[in-house]
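User: I would like to go through this structure with you, beginning with a ligand site. Could you bring it up?

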Amino acid sequence: MTNILYDALIAPHATNDAAFLVQDDGSVVTYAQFVQRTAQIAQVVTAHGVSPGDRVLVQAPKLLDTLALYGAAVQAGAVYLPLNTGYTQTELDYFITDAAPALIVCDARDEAMIAALPSAAGATVLTLAGDGTGSLSRAADTQQSVFETVPRGPDDLAGLLYTSGTTGRSKGAMMSHRNLLSNATALVDLWQITKDDRLIHALPIFHTHGLFVAINTSFLAGAEVRFMERFDLEMILQEVPKSTLMMGVPTFYTRLLNDPRFNQDLTRNFRLFISGSAPLLADTHIAFQTRTGHQILERYGMTETNMITSNPYDGDRIAGTVGYALPGTEVAITDPDTGAPVPTGTIGMIEVCGENVFQGYWNLPDKTAQELRDSGYFITGDLGVMSQDGRLSIVGRQKDLIISGGYNIYPKEIEDVINAVDGVLESAVYGVPHAEFGESVVAAVVLEPDSALTPQDLAAQIEPRLARFKHPRRYDMLDALPRNTMGKVQKNLLRAGQSAKRQ
Ligand code: MLC
Ligand code: AMP
């Protein structure tokens, strides 16, 4: 038996001396060096008792060794579980409890905090740091640079990615080797990625977009990756003339357009700008084309499904549409109430089937059964319409979700935290349009009659519990929440500003 993901993505580069990662300090790591580093880290991981199928939970900075840890987990047959670096101790505690990892790898600065968590008691804690002094890196430095790959089949898990939910509780999406490899293969082919490409990588590597879409496709194609620690406008402007490919969320493109230096001349060697994770406004698509002559290629995906549709590489990339189902992937539009297919041209629920679709939610068989049909179709919660020729447009979301700068924020999770504050009667959290982030978070709060809580008090209570990107940017104190006759809060009225403010 083989290890299908490792064998396809990493093993072929064992003697490849081409550049893989170009880092912010200018240092270059070749593919062959990366394969060796992956093996050294796999040695450390297994020496600490990680067995096939064990979870390796990672909340670490964006570093070469963090990426090599992903490769090492795959090579050792473990399940890689990356987490947003912004998550607080409270959030982290939940993920550790739920996933029961054998190994936790964190930023060296957080080691004491994590090691003290009761949930971490059964796990080994190792660290990574920007200067290479983390305990995982130091242990890896002295290891052999070869490692006997652990066999894994197509249905074995390679990744566990948590995605928040409408119930307010994050769920781990189980991704198999086949899920990840099939999607990367389809994308390399469709977007014509080759070893001659140089990718500007400014996304985080704890989500599907920055890890599986950007890194797995680069591995497969043997492309060079300009690996940036974070989105840095000046650095990107410098790198664009030397690069050919970018994958980003719409905020990347609005930020670039805000700078007059980003123009046709600067982008003349570029091959492809790709956008996803959040809706790209038609205005942005058109302004980008007018300024640079490039049509952004918009695609649509989800943690649970990897990438689902893409605008064509050759052919019209139409603003406001997310293109055609990827090869090997089927999209159906159904009646949200009955699940029956609706006629072409009718708005309905987007459902997806194919090798890209995940294996279910970790330890949540009931939730899995609600969203993943026996037929293999996954119910996305996004609403869309399909044209006669199979082009998909997303027109809304049935799930109560805010997408801010490409990060998903589920109002229920924030409402639960606000409602738990002493003096709060109830709250409703919703998204409002935001020029840079697409949407931003607002909380409407009703206090107990005798409470004198201020927005500042609420912000202070939220601080230790939720990652900063989830924090409401505004608190509106109201006398009551608007409700319909069924008692459901009418967030559309809140969004339209039609509610009495507290006196
Ligand atoms: C940062 N901040 C955000 C934010 N990002 N607030 C709301 N929404 C966001 N997305 C806040 C910080 O908490 C901080 O707040 C302040 O903004 C400045 O932080 P920063 O770190 O300097 O921001 P910056 O680095 O500029 O980050 C912006 C960004 C980043 C757009 C570059 O958010 C980003 O990389 N987004 C990509 C997310 C992504 O990869 N999504 C893919 C999901 S996978 P304060 O209060 O401290 O000042 C998926 C499937 C698919 O969806 O289809 O791809
Ligand atoms: P996540 O759960 O973080 O994987 O986010 C997936 C969600 O992001 C999808 O269900 C969509 O609502 C949204 N999304 C991803 N790509 C696009 C896109 N191109 N246009 C609109 N929404 C998108």
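User: By class, which residues does the shell around ligand 2 have?
Analyst: This is a predicted model. In it, the shell around ligand 2 has 7 nonpolar, 5 polar and 5 charged residues.

User: Which residues are the closest to ligand 2?
Analyst: The closest are Arg299, Thr303, Asp382, Lys399 and Asn408, out of 17 residues that surround ligand 2.

User: And which strand gives the largest share of that shell around ligand 2?
Analyst: Strand 13 does, with 5 residues. Strand 13 spans 297-302, and strand 19, at 392-397, likewise supplies at least two residues of the shell.

User: What lies 2.7 Å from an oxygen atom of ligand 2?
Analyst: An N or O atom in the side chain of Lys399 is at that distance from the ligand oxygen. Asn408 places a polar side-chain atom 2.8 Å from an oxygen atom of ligand 2.

User: How much of the accessible area of ligand 2 does the protein cover?
Analyst: On its own, ligand 2 has 500 Å² of accessible area, and the protein covers 92% of that.

User: Do strands 9 and 10 run parallel or antiparallel?
Analyst: They run parallel: strand 9 (residues 198-201) and strand 10 (residues 224-227) are joined by 4 bridges. Arg198 stands opposite Glu224 in strand 10.

User: Changing topic, how many cavities of 30 Å³ or more does the structure hold?
Analyst: There are 2 cavities of 30 Å³ or more. The largest has a volume of about 50 Å³, and the residues lining it include Pro82, Tyr87, Phe206 and His207. By class, that lining has 6 nonpolar, 2 polar and no charged residues.

User: What lines the second largest cavity?
Analyst: Its lining includes Leu180, Phe212 and Asn306, and the space in this cavity is about 30 Å³. Helix 7 (177-190) and helix 8 (208-221) each supply at least two of the lining residues, with the largest share, 4 residues, coming from helix 7.

User: One last item: how many residues line the second largest pocket?
Analyst: The second largest pocket is lined by 15 residues, and Gln23, Lys62, Leu63, Leu64 and Gly130 lie nearest its centre. About 300 Å³ of space lies in that pocket. Its lining divides into 6 nonpolar, 4 polar and 5 charged residues.

Key. Residues are numbered from 1 along each chain as its sequence is written. Chains are lettered from A and ligands numbered from 1 in the order in which they are written. This is a predicted model: local features need pLDDT of at least 70, side-chain atom pairs count only at pLDDT 80 or more; totals for chains, interfaces and linings use all residues. Side-chain values use heavy atoms; hydrogens and water are left out. A residue is near a molecule or strand if one of its heavy atoms lies within 4 Å of it. A polar contact is a pair of N or O atoms within 3.5 Å; within protein, one must be able to donate a hydrogen and the other to accept it, and residues adjacent in sequence count only if both atoms are side-chain atoms. Accessible areas come from the Shrake-Rupley method with a 1.4 Å probe; for residues, only the protein chains shown count as cover. Ala, Val, Leu, Ile, Met, Phe, Trp, Tyr, Cys and Pro count as nonpolar, Asp, Glu, Lys and Arg as charged, and the others, Gly among them, as polar. On a 1 Å grid over the protein atoms alone, a cavity is a set of points where a 1.4 Å probe fits but cannot get out, and a pocket is an open set with protein on both sides within 12 Å along at least five of seven lines; lining residues have an atom within 4 Å of a point. Grid points are joined across faces, edges and corners, and a volume is the space filled by probe spheres set on the points. Two strands pair if DSSP finds at least two bridges between them.
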